[in-house]
Amino acid sequence: SLSVGPGKNYSTTVGPVIHPPAGSLQRALTTLDDGESWLVKPEKLDESGHLWSPGVKLGVAPGSWSHLNEWFGPVLGVMVAPNFETAIKWQNGIEYGLTAGLHSLDENECEQWIAQVEAGNLYVNRGTTGAVVNRQPFGGWKRSSVGPTSKAGGANYVNNLREWNALTSASTAIQSSTSWWERIGSKAIDHAGLHVERNYQRYLPSRRGIVVRIDKTTSKEWLAYIAWLSEMTQAKIEISSGDHETPDELVARISGIDKVRWLTQENAPAVELLSKGISVDRRPLAQRGDVEMPRWLLEQSVSITNHRYGNIGAGPRPRVPNSQ
């Protein structure tokens, strides 16, 4: 029932892909793995290969290519989980974490999912596209986030475009960081205040951990601030010292962490770490707590539709907890 055609036609529901399919998208549109079948088979509709009718693929198995890979085109892969807990495990069991969605009328399910799913933008009982600046700041976790970044359209985005004075006083930094944490960092805040939708912005501690690279030149002030950060945010922070391992040895041993804060003058093996899905942040610690502290946390936007079929208040009202 979806109308496929040029974007200039008002009747179009599914427009063209940017370029003729190749790589992952080509495989998603044309290939079935063991146990998979087409409920709706995609069809190429023009000679250039830009227009494709959307497809629905059944029988996608956990750990399969269609489960673990992403593609940008009109193919939906369907997995059937034996229970809700397994569904969340499968959803989290990929290397990416940009956007995740849930449709459920069970408040307990909604709250469990919000607490456990691993993605930067969460959507409950609504579509998973169309993030609005300042309402649903956009940015992901895991391989959906690269480098010293923050959510586009969020409170920290412009800070990434500036250079800040380096930390020289741990006590002053801790004081300003504590103020930011109590006002903002430990809260789930809805800045938009809409009636039909709740849009929370919150910060969570790193779930996979952060490695901090130091050496003899790292000041005691910096080390004191890092120790305080670890205790305050409950983030998993591990120290890697240039006195005990080389950059190559560090690259060889670490995996499955969120990022590395590179606080030495050594050349950071950014490319090698990125190949393992690990981002490197080489910025010095900032003196201002409201600038530095968000760099150690995961930003998350949670958007919840407050209505069912247009009736405000008729849907579930799951609770969104503050940062844990």
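Strands are runs of at least two residues assigned by DSSP and numbered from the N terminus. In these terms, Asn134 occupies the loop between strand E6 (121-124) and strand E7 (141-142). The model described here is predicted. Asn134 has a phi near 75°, a positive value in a residue other than glycine. The relative accessible area of Asn134 is 46%, so this residue is classed as partly exposed. A positive phi is also found at Lys142, which is not a glycine and has a value of about 55°. Lys142 belongs to strand E7. With a relative accessible area of 9%, Lys142 is buried, since the class of buried residues covers values under 20%.

The protein chain as a whole contains 9 helices and 16 strands. Its C-alpha trace spans about 65 × 50 × 40 Å along the principal axes. Of the 324 residues in the protein chain, 44% are buried. Among contacts with a separation of 6 or more, 60% are made by residues 24 or more positions apart.

Strand E14 (residues 297-305) is mostly covered, with 9 of its 9 residues buried. In a regular strand the side chains alternate between the two faces of the sheet. In E14, Leu297, Glu299, Ser301, Ser303 and Thr305 point one way, whereas Leu298, Gln300, Val302 and Ile304 point the other way. The residues of both sets are buried. Two pairings of E14 were identified. Strand E6 runs parallel to E14 and is joined to it by 4 bridges; within this pairing, Leu122 has Val302 of E14 as its bridge partner. Strand E9 (residues 197-205) pairs with E14 in the antiparallel sense, over 9 bridges. Here the bridge partner of Arg202 is Gln300 in E14.

A separate description applies to an open sheet of 4 strands, in which the order is E11-E10-E12-E13 and the pairing is parallel. Strand E11 (237-241) and strand E13 (279-281) form the edges, each pairing on one side only. From one strand to the next, the twist averages 25°. The pairing of strand E12 (residues 259-262) with E13 is parallel and comprises 3 bridges. In this pairing, Lys259 stands opposite Ser279 of E13.

The loop between E12 and helix H8 (270-274) contains Asn267. The relative accessibility of Asn267 is 73%, and this residue therefore counts as exposed. Asn267 and Arg282 are separated by 15 residues in sequence, and their C-alpha atoms lie 9.7 Å apart in space.

Helix packing was examined for helix H5 (residues 170-185) and helix H6 (residues 220-233), which pack at an angle of about 25° with their axes 9 Å apart. Because of this angle, H5 is roughly parallel to H6, the limit for that class being under 35 degrees. The crossing of the two helices, H5 and H6, is right-handed. On the H5 side, the contact is formed by Ala170, Ser171, Ala173, Ile174, Ser177, Thr178 and Trp181. These residues meet Glu221, Ala224, Tyr225, Trp228, Met232 and Thr233 of H6. By class, the contact of H5 with H6 comprises 8 nonpolar, 4 polar and 1 charged residues.

Conventions. Residues numbered from 1 in each chain as written. Predicted model: local features only at pLDDT ≥ 70, side-chain atom pairs only at ≥ 80, totals over all residues. Heavy atoms only, no water. Pairing = 2+ DSSP bridges. Axes fitted to C-alpha atoms, helices over the stretch in contact; angles between N-to-C directions. Parallel < 35°, antiparallel > 145°, perpendicular 65-115°, else oblique. Left-handed = near helix turned anticlockwise from the far one by under 90°. Contact = heavy atoms within 4.5 Å. Nonpolar A, V, L, I, M, F, W, Y, C, P; charged D, E, K, R; others polar. Buried < 20%, exposed > 50% of the residue type's maximum accessible area, 1.4 Å probe, protein only.
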